[in-house]
Amino acid sequence: MSKMIEIGVCGAHMQGLPLNHQLVNLEATFLKACKTAVGYRLFNVPEKNPPRPGMLKDASSPYALELEVWQMPLENFGAFMVQIASPLCIGTVVLEDGSLVYGFLCEGDALKGAKEISELGGWRNYLTCKD
């Protein structure tokens with residue numbers, strides 16, 4: 001049996017959204033929907049197609065954000081990583097229960113002037129509100 005890696009996704013890779021196929025095609029399986037620990041901010045990343053958010057760790061933030069945790073065979077993780085373009089990156093994300101997963105984060109410089117959407121609690125809520 002292959003080793004697995006857990007990945008937290010907070011935007012276009014979530015179930016039913018435009019980039020979810022990248023996970024599914026690499027044999028990832030959905031584990032759970034949950035939230036980050038308090039201390040994250042979410043932005044609409046400018047000029048991304050399809051649109052997607054950028055999550056930033058910020059200890060002063062009062063927000064916990066919705067995300068999904070998926071697991072993927074470790075040997076497929078490199079193929080997943082090469083599909084992730086700057087300013088998005090993978091880092092360590094703290095979940096509401098204190099556990100850690102690898103997850104999408106965003107380079108801070110790319111968020112200067114970007115619309116903050118943290119108060120909505122997650123990407124799906126933003127997509128619902130903006131329509």
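In this predicted model, three strands come together as an open sheet, arranged in the order E4-E3-E8 with antiparallel pairing. Strands of a sheet pair through backbone hydrogen bonds, and the pairing can be either parallel or antiparallel. Strand E4 (53-57) and strand E8 (115-116) are the edge strands, each of them pairing on one side only. Strand E3 (residues 40-44) joins E8 in the antiparallel sense over two bridges. A handy place to look is Phe43, which stands opposite Glu116 in E8.

Leaving out residues up to four places away in sequence, Met72 touches Lys3, Met4, Ile5, Ile7, Leu23, Leu26, Glu27, Ala28, Phe77 and Phe80.

Ile84 sits in the loop between helix H2 (77-81) and strand E6 (88-94). Is this residue, Ile84, buried or exposed? Ile84 counts as buried because its relative accessibility is 15%, and buried means under 20%. Setting aside neighbours within four places in sequence, Ile84 is in contact with Cys89, Ile90 and Phe104. Ile84 and Ile117 are 33 residues apart in sequence, and their C-alpha atoms are 22 Å apart in space.

Terms used: Residues numbered from 1 in each chain as written. Predicted model: local features only at pLDDT ≥ 70, side-chain atom pairs only at ≥ 80, totals over all residues. Heavy atoms only, no water. Helix = DSSP H or I, 4+ residues; strand = E, 2+ residues; numbered from the N terminus. Buried < 20%, exposed > 50% of the residue type's maximum accessible area, 1.4 Å probe, protein only. Contact = heavy atoms within 4.5 Å. Pairing = 2+ DSSP bridges.
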